[in-house]
Amino acid sequence: MNRSVRKAVRLLVPAPVCAVLLAAAISCGDRGGFTKAERAILDVPDSVLYVENVANAADSLILRTPCVDLSDKALRSDEFRKLAAKMLATVRAPEQDGVGIAAPQVGLSRRVICVQRLDRPGEPFVVYPNVRIDTAYGDRVRGPEGCLSVPPYRGYVTRWTDVVVSWKDAETLAVQRDTVHGYTAVIFQHECDHLDGILYTDRADTVFYNERWAAERARFDSLGCYRRR
Ligand SMILES: [Zn+2]
């Protein structure tokens, strides 16, 4: 800013207003905070959220958008708790009956996934914010996969047998790490792919129509599930 412009700004904007503008600029700089559109999704009273479907053009755009982290402030917010609870409810809903879900599948381009820990007693669902696969190793194994956003298809994908994942604990904000093996490692790879805009169909060597799933979906369709509210 040159001298004359600086002088003009000083004349036009009094110091207290400058301070307010600066504070506003800093808060706008919190790119990891929930947006108005994201809050609107989370404010829907239903606990189960609409799942984006790759066959729909607008949904497909969301599914293909790379995700970003949430800020520390956002992780400790009520909105994050709401997102975690609704992702859990959605993946566990009878009409979905999934083993994992990623935030873009419910319309938020955020690095948050929910994974069923089939490798733990009781096979609990766990939410992982700001998650990444640090290392993938072991053998490359081919196995069947499906996706809540790509109904009613299944496909065969080759994945690593072992991964090291890291994420941020939403309470302590400490970075956590875990080594995961077997099918649960496959779920982590599938869900983390979603965060980079990648669908399993991009990696599959074979994709086929699943009749059982189609019948299931038709049943829930008639009940009004899968409709954006
Ligand atoms: Zn999926």
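In this predicted model, strand β2 (residues 112–116) and strand β3 run antiparallel and are joined by five bridges. Within that pairing, Cys114 has Val127 of β3 as its bridge partner.

These strands belong to an open sheet of three strands, arranged in the order β1-β2-β3 with antiparallel pairing. Because β1 (100–102) and β3 (125–129) stand at the edges and have a single partner strand each, one side of each is left without a neighbour in the sheet. From one strand to the next, the twist averages 10 degrees.

Two helices lie across strands of this sheet, as the table sets out.

| Helix | Residues | Strands it lies across | Angle |
|---|---|---|---|
| α6 | residues 78–92 | β1, β2 and β3 | about 135 degrees to β3 |
| α7 | residues 183–195 | β1 and β2 | about 160 degrees to β2 |

Another part of the chain to consider is the loop between β4 (132–146) and β5 (153–168), which is where Pro151 is placed. Is Pro151 buried or exposed? Pro151 counts as buried because it has 21 C-beta neighbours inside 10 Å, where the cut-off for a buried residue is 20 or more.

Leaving aside the neighbours within four places in sequence, Pro151 is in contact with Trp213 and Arg217.

Notes
Residues numbered from 1 in each chain as written. Predicted model: local features only at pLDDT ≥ 70, side-chain atom pairs only at ≥ 80, totals over all residues. Helix = DSSP H or I, 4+ residues; strand = E, 2+ residues; numbered from the N terminus. Buried ≥ 20, exposed ≤ 12 C-beta atoms within 10 Å, placed from the backbone. Contact = placed C-beta atoms within 7 Å. Pairing = 2+ DSSP bridges. Axes fitted to C-alpha atoms, helices over the stretch in contact; angles between N-to-C directions.
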